[in-house]
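The following exercises ask the reader to describe a protein structure step by step. Each task is followed by a worked solution.

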Amino acid sequence: MKSALRIACSRVHLQQVRDFVRNYLTSRQLSEVAINQVVLAVDEVVANFIIHANSEDETQFLDLTLAFDQHDLNVEIADNGDTIFLPGPTPNPDFHAYIQQGRKGGMGMALVNRLMDRVEFFTRGNHTVCHLSKHLA
Amino acid sequence: MKVTAQPSADTLTLLLDGELDASSAIVLDTELAKPDILNYRKVLIDCAKLSYISSAGLGVFISHLQRFQDANVKLIFFNMQEKVFNVFEILGLDALMTIVPSVTEAEAA
């Protein structure tokens, strides 16, 4: 079964995105930790699209699709804005440096890469799409 | 996200209630940025009702850590739910921050 959600590019919709992912996963026999890991990965990518790719322009929107293939969850997050947003390689965060610098950001994509089995960003026409997948037994 | 401050002698306890994400992190940031907070010896973060944390929430704690250390203020987390602790663990932050099971250990730390 497939499930879809469209949201405007505002960070106030992040709660709605998390609830959407949680509700979708509820029917599966998964631990709270496993559900939270997927919710977190989707939340991080969506927050990046909203804040960094679309500068919180509420006239832009994102389309999310969730689908299971047996025990593999596939997530698509499609940015309908025209800014191409392809994050480069993610270095491991240097937390000692972050603490000294009082730095707030720079760990979202590192988290996503550790939480999901596969993370891909690509372009479709003049839009950016992110595919995430994870085996959930 | 709701943050409730409970001051007592040399300790300030902050009770976090809700989900800490890129939208709500500002509420916690405002609380931790208050100059008066450096007058306490310990700041205890009660995570019993913290049901979610994203990198934006983690970033708020990281960004204030050096300021706290410079002022000799201990930052101690307690009552953390397993799914929230797992997020600290994935990034290795459990080794850099003081996270204890209960208020008893937090007060003794």
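**Exercise 1: Chain B**

Of the 109 residues of chain B, 37% count as buried, a residue being buried if 20 or more other C-beta atoms, placed from the backbone, lie within 10 Å of its own. The model is predicted: local features need pLDDT of at least 70, side-chain atom pairs count only at pLDDT 80 or more, and totals for chains, interfaces and linings use all residues. Residues are numbered from 1 along each chain as its sequence is written, while chains are lettered from A and ligands numbered from 1 in the order in which they are written.

*Task.* Determine which pattern chain B follows along the sequence, and why chain B counts as being as compact as a globular protein of that length.

*Solution.* Step 1. Chain B contains 4 helices and 5 strands; these are DSSP runs, helices being H or I of at least four residues and strands E of at least two, numbered from the N terminus.

Step 2. Along the sequence, the pattern is β-β-α-β-α-β-α-β-α.

Step 3. The radius of gyration of chain B is 13 Å, close to the 13 Å that the globule rule gives for 109 residues, so chain B is as compact as a globular protein of that length. This radius is taken over C-alpha atoms, and the rule is 2.2 Å times the number of residues to the power 0.38.

**Exercise 2: The sheet of chain A**

*Task.* State in which order the strands of the open sheet in chain A lie, and which strands are at its edges.

*Solution.* Step 1. The 5 strands have the order β1-β2-β3-β5-β4, with antiparallel pairing; two strands pair if DSSP finds at least two bridges between them.

Step 2. The edge strands of chain A are β1 (2-8) and β4 (118-124), each of which pairs on one side only.

Step 3. In chain A, 7 bridges join β1(A) to the antiparallel strand β2 (residues 61-69). Within this pair, A8(A) stands opposite F61(A) in β2(A).

**Exercise 3: The interface**

*Task.* Identify which element gives the most to the side of chain A that touches chain B.

*Solution.* Step 1. In chain A, 27 residues are in contact with 24 residues of chain B, where contact requires C-beta atoms, placed from the backbone, within 7 Å.

Step 2. The elements of chain A giving two or more residues to this side are α1, α2 (32-53), α3 (95-101) and α4 (108-115).

Step 3. The most comes from α2(A), with 8 residues.

Methods:
Contact = placed C-beta atoms within 7 Å. Buried ≥ 20, exposed ≤ 12 C-beta atoms within 10 Å, placed from the backbone.
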